[in-house]
Amino acid sequence: MRKSMLTTAIGTALLGSLAFGVQASQEPQGMYSAEDILDAEVYFANGSDDEIGEVENILFDEEMRINALVIESGAVLGLGGREIVVGTDYFSLETHTESDGDTEHRIMLNATAEEVEGFPAYDRDWWEQTKANARDAWETTRDGAQSAWQSTREAVSTNE
């Protein structure tokens, strides 16, 4: 049951918030499977055909929107197997239908080699810091929302 719910959540997230653009040699599919995108090859978008690595993980936010991809880098750039976090501003999905009818997905990075070298490593420290930042942002937003509600409520009750 849990696996089914996770599969549904991932499918919904990919369908509803495919935060990266879809460029296709044919019509967009309309729905994308996380299974198809996991292990997709990752290339620089500049057309150099340098493979950076492949998609290792897809990271979602609280609203099940894609927040980032984890890319396991290959030997390119001297990164040698390091897992890096790539935010949605830096990638797009390219979909091609092969001559045999199979669909191939590629992730295209809109970044320079220097930018890729500076992307954070996907490790426990990054994960814990990112979770803490999200909690802090929620606390700040929640407090602001409560303050706005209280101010509005007080203003309305004063005018009555």
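1. How many nonpolar, polar and charged residues does the lining of the largest pocket have? In this predicted model, that lining comprises 14 nonpolar, 4 polar and 6 charged residues.

2. The space in the largest pocket amounts to about 750 Å³. Its lining is made up of 24 residues, and those closest to the pocket centre are Phe60, Asp61, Glu62, Asn67 and Ala134.

3. Four elements each contribute at least two residues to the lining of the largest pocket: helix H1 (2-16), strand E3 (51-60), strand E4 (66-73) and helix H4 (124-159). H4 gives the most, with 9 residues.

4. The largest nonpolar core contains 21 residues, of which Val55, Ile71 and Ile107 touch the most other members. At least two residues of this core come from each of helix H2 (34-37), strand E2 (41-44), E3, E4, strand E5 (83-87), E6 and strand E7 (103-109). Apart from this core lies another, of 5 residues, including Leu59, Ala68, Val85 and Trp126.

5. When neighbours within four places in sequence are left aside, Val55 is in contact with Ile37, Leu38, Asp39, Ala40, Val42, Leu69, Val70, Ile71 and Ile107.

6. Thr95 belongs to strand E6 (residues 91-97). Thr95 counts as buried because its relative accessibility is 6%, and the cut-off for buried is under 20%. The side chain of Thr95 makes a polar contact of 3.2 Å with the side chain of His105.

Terms used: Residues numbered from 1 in each chain as written. Predicted model: local features only at pLDDT ≥ 70, side-chain atom pairs only at ≥ 80, totals over all residues. Heavy atoms only, no water. Buried < 20%, exposed > 50% of the residue type's maximum accessible area, 1.4 Å probe, protein only. Polar contact = N/O pair within 3.5 Å; in protein donor to acceptor, adjacent residues only side chain to side chain. 1 Å grid on protein atoms, 1.4 Å probe; cavity = no way out; pocket = protein on both sides within 12 Å on 5 of 7 lines; lining within 4 Å. Points joined across faces, edges and corners; volume = space filled by probe spheres on them. Nonpolar A, V, L, I, M, F, W, Y, C, P; charged D, E, K, R; others polar. Core = buried A, V, L, I, M, F, W, Y, C linked by side-chain atoms within 4.5 Å. Contact = heavy atoms within 4.5 Å.
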